[in-house]
Amino acid sequence: MNTVEQWKSEKHPLDVIDDVYEYAEEGLSFAEITERAGEGEFERMKWAGMYTHGVHDDYYMVRTKVPGGYLTPDQAEVIGEVTEDLATAPEEHGGEDQNSIWGDGYVDVTTRQDTQFHWIEIEDVPEMWERYDEVGLTTVQGCGDGARNVLGCPAAGLTDHEAFNAQPVVDAVSDFFTGNREYGNLPRKFKMTITGCTHDCGQSQINDVGLTPAKKELDGSWQYGFHVKVGGGLSDGPRMASPLDVFVPPEDAVEFCRAVAQTFKEIGDRNNRGVCRMRYLVEQLGPEKFEEAIRDRSEIEFPARGVDLTEGYTGDHVGVHDQKEDGLKFVGFNVIAGRVGGDDFADAARAAKKYGTEDASVRLATDQNFLITHVPEENVGDLLDEPFARKYRPDPGPFSRGAVGCTGSEFCNYGIIETKNRVRRWAKALDKRIDTPDDLEVVRMHMSGCSASCAQPQIADIGFRGETVQIDDPEGTTNEEGDNLVEGMDFGLGGSLGTDNEFLDWVETAVPANSVIPALEQLFDVYADERHEGERFYEWCRRVGNDRLRAIMQRADANVAGGVAHGD
């Protein structure tokens, strides 16, 4: 067993939830928790939705699971209020000036439709959980080696793009796994997405399990259900999911996902943590053998595939959109890099109640944006006049619309570079400096602070992963050895999901951060001159090839190619 598996064998990770109440009552520091329970306790705390806070001792990041991204207005309001009341930086860490853009007290919307906030102290966790219990929210298994938040279409039940509304299935699968001790200790995190939407905005191609809409004739009549993909994922070993020859009726989706988890639990690798994820098991066995293993462990005999109903991929729901019901709209608000003030998030929830019908909701999307639903057409103007709506406009420029950023070095133990502030600054600057074609609504620019791919850079038009970069500049040395170390990143181009899905290519590595915008300006100048009618940026990148892309980037009046990853 690897070290994490040893820690999990010492105590079931879900037992840590009871321990957190004890630590909170006594107000224990990191050092005191380590002394009492060992270093592995912080790994087990992930099952409570809690991460240690980067370089800030005695503070936690806490993640809230939001199945399918669906929140009632009351739930969203509680998240915003808890952020304002409990997730604020102390004066010794900057207080209201802790972050140069967002200040203090903010919510991060994640690419898994969760929310997370920072600066939580252990003694405040029970109050947070109590307030969550009142509205049906949980942080249980927001992190850790078990079933993570189940993704779904953020517009489930709203549009004509879906074969059927799969939100009830999302909820059923999430309810089965959350707090389930039998499946609470898997070899690694277990990521599922379930949608009845034909546009696959739940990203089935990059999840461990992806259920997408299908139909099949059974017993003389056509029935809706799901087709299955397995073994997708990003990080250091990206893999597109493989289809299985399986049709899953909605009422059997819980059993199918249980059988997959059972397979992963029994034969997944628990030795080398670097290759413990389910996609490596699928790759090792092959999709056919993996399907056999699932069928062997299932209590139901699933039929073979039927007719696939997925038509493509929708990357976001930003803007004002018609719902299926006459006279109702849903509004997708643009949250650059996924960070929104706690007060703004609470105000959005209150606005949903004020301007929406009794069915109004707040939905979180995989692109880190949020929606307000069930707004009568006559109320849309007043909703968009609200102060929060003017900050998170539903009509952004293309770079702002496609900007995604992970937590970065500000709070993450693994982050090499700062991301959130940088993504917001860059997106706004690029919208001003680059004149994109009128029919190009979005440029997907994703920045991860390290190689872990939390911001999903491999599926973006433009992807970045953080590096510490050494450049040759004797006047700018930063240590006695004469090294000049700066924040930088690997620079990738050409990724997408959908019918033409491909991971991007890392075209240039170790690019100093201050050279990126000049390089992008060069690329978009040529793209605007050369693009075919309707050609997206990622399509152009693939067509012209990496050598030419690299040559175009290096025309910039900047040190695009002069860096070396520190340690190489």
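Is Ala 259 buried or exposed? At 0% relative accessibility, Ala 259 counts as buried. The legends below start from that residue.

This is a predicted model: local features need pLDDT of at least 70, side-chain atom pairs count only at pLDDT 80 or more, and totals for chains, interfaces and linings use all residues. Residues are numbered from 1 along each chain as its sequence is written, and side-chain values use heavy atoms, with hydrogens and water left out.

**View A. Ala 259 in helix 8 (residues 253-267).** Helices (H or I, at least four residues) and strands (E, at least two) are DSSP runs, numbered from the N terminus. Buried means under 20% relative accessible area, exposed over 50%, and partly exposed in between (1.4 Å probe, protein chains only). Setting aside neighbours within four places in sequence, Ala 259 contacts Ile 294, Arg 297 and Ser 298. Contact means heavy atoms within 4.5 Å. Ala 259 and Arg 295 lie 36 residues apart in sequence, and 7.5 Å apart from C-alpha to C-alpha.

**View B. His 56 in strand 2 (residues 56-64).** His 56 has 12% relative accessibility, so it counts as buried. Not counting residues up to four places away in sequence, His 56 touches Phe 30, His 93, Trp 119, Glu 410 and Phe 411.

**View C. Helix 5 (residues 73-86) against helix 6 (residues 125-135).** Their axes come within 10 Å and cross at roughly 165°. Helix 5 is therefore roughly antiparallel to helix 6. Axes are lines fitted to C-alpha atoms, for helices over the stretch in contact, and angles run from 0 to 180 degrees between N-to-C directions. Angles under 35 degrees count as roughly parallel, over 145 as roughly antiparallel, 65 to 115 as roughly perpendicular and the rest as oblique. From helix 5, the residues that meet helix 6 include Val 78, Ile 79 and Val 82. Among their partners in helix 6 are Met 128, Arg 131 and Tyr 132. The contact residues divide into seven nonpolar, one polar and five charged. Ala, Val, Leu, Ile, Met, Phe, Trp, Tyr, Cys and Pro count as nonpolar, Asp, Glu, Lys and Arg as charged, and the others, Gly among them, as polar. Ten of the 14 residues of helix 5 are buried, so this helix is largely enclosed by the rest of the structure.

**View D. Helix 16 (residues 516-530) packed on helix 17 (residues 537-544).** The axes are 11 Å apart, at an angle of about 90°. Helix 16 is therefore roughly perpendicular to helix 17. Helix 16 contributes Leu 523, Phe 524, Val 526, Tyr 527 and Glu 530 to the contact. Helix 17 contributes Phe 537, Trp 540, Arg 543 and Val 544. These residues divide into seven nonpolar, no polar and two charged.
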